[in-house]
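Hello,

Here is the structure I promised to pass on to you. Have a look at it first, and then read on for what I found.

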Amino acid sequence: TVEIFFNKVNDAALSVYDMMGNELQRKYFYKTDGIAKTLDMQSLPAGIYFLSVKTQSENYYEKIIISR
């Protein structure tokens, strides 16, 4: 599970991609100002993934490694 805290953001989209660039999950959050949100990644097998967080003002990318 990934937890993200949004500071001064109204709407956001979180996406998870595999190494081939295929989008595996997408979740939208509305009116997120000052609120922590979670994205469940328990169903994904061990591997390397990329998390994309897009808001009105910026895009953020992070590599995530899941090992079981």
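Setting aside neighbours within four places in sequence, M19 is in contact with I48 and F50. Please keep in mind that this is a predicted model. M19 sits in the loop between β2 and β3, and its C-alpha atom is separated by 6.5 Å from that of I48, although the two residues are 29 apart along the chain. Is M19 buried or exposed? M19 counts as exposed, because its relative accessibility is 53% and the cut-off for exposed is over 50%.

Strand β2 covers residues 11-17 and strand β3 covers residues 23-30; they run antiparallel and are joined by 7 bridges. Together β2 and β3 make a hairpin with 5 residues between them, and G21 in the turn has a positive phi of about 90 degrees.

Next, please turn to S52. This residue belongs to strand β5, which spans residues 47-55. S52 has a relative accessible area of 2%, so it is buried, the limit for that being under 20%. Which residues does S52 touch, not counting those up to four places away in sequence? They are A13, L14, S15, Y17, Y60 and Y61.

Now for the protein as a whole. There are 6 strands and 0 helices, so from the N terminus the order of elements reads β-β-β-β-β-β, by the rule that strands are numbered from that end. The C-alpha trace spans about 35 × 20 × 15 Å along its principal axes. The radius of gyration is 12 Å, which agrees with a compact globule, because 68 residues packed that way would have a value near 11 Å.

Of those 68 residues, 34% count as buried. Among contacts between residues at least 6 apart in sequence, 48% join residues at least 24 apart. The protein exposes about 4700 Å², and carbon and sulfur atoms supply 51% of that area. As for charge, there are 8 positive and 8 negative side chains, with the centres of the two sets 2 Å apart.

Enjoy exploring, and write back whenever you like.

Best wishes

Notes: Residues numbered from 1 in each chain as written. Predicted model: local features only at pLDDT ≥ 70, side-chain atom pairs only at ≥ 80, totals over all residues. Heavy atoms only, no water. Helix = DSSP H or I, 4+ residues; strand = E, 2+ residues; numbered from the N terminus. Buried < 20%, exposed > 50% of the residue type's maximum accessible area, 1.4 Å probe, protein only. Contact = heavy atoms within 4.5 Å. Pairing = 2+ DSSP bridges. Rg over C-alpha atoms; globule rule 2.2 N^0.38 Å. Areas by Shrake-Rupley, 256 points an atom, 1.4 Å probe, with all protein chains shown as cover. Lys, Arg positive; Asp, Glu negative; His and termini not counted. Charge placed at Lys NZ, Arg CZ, Asp CG, Glu CD.
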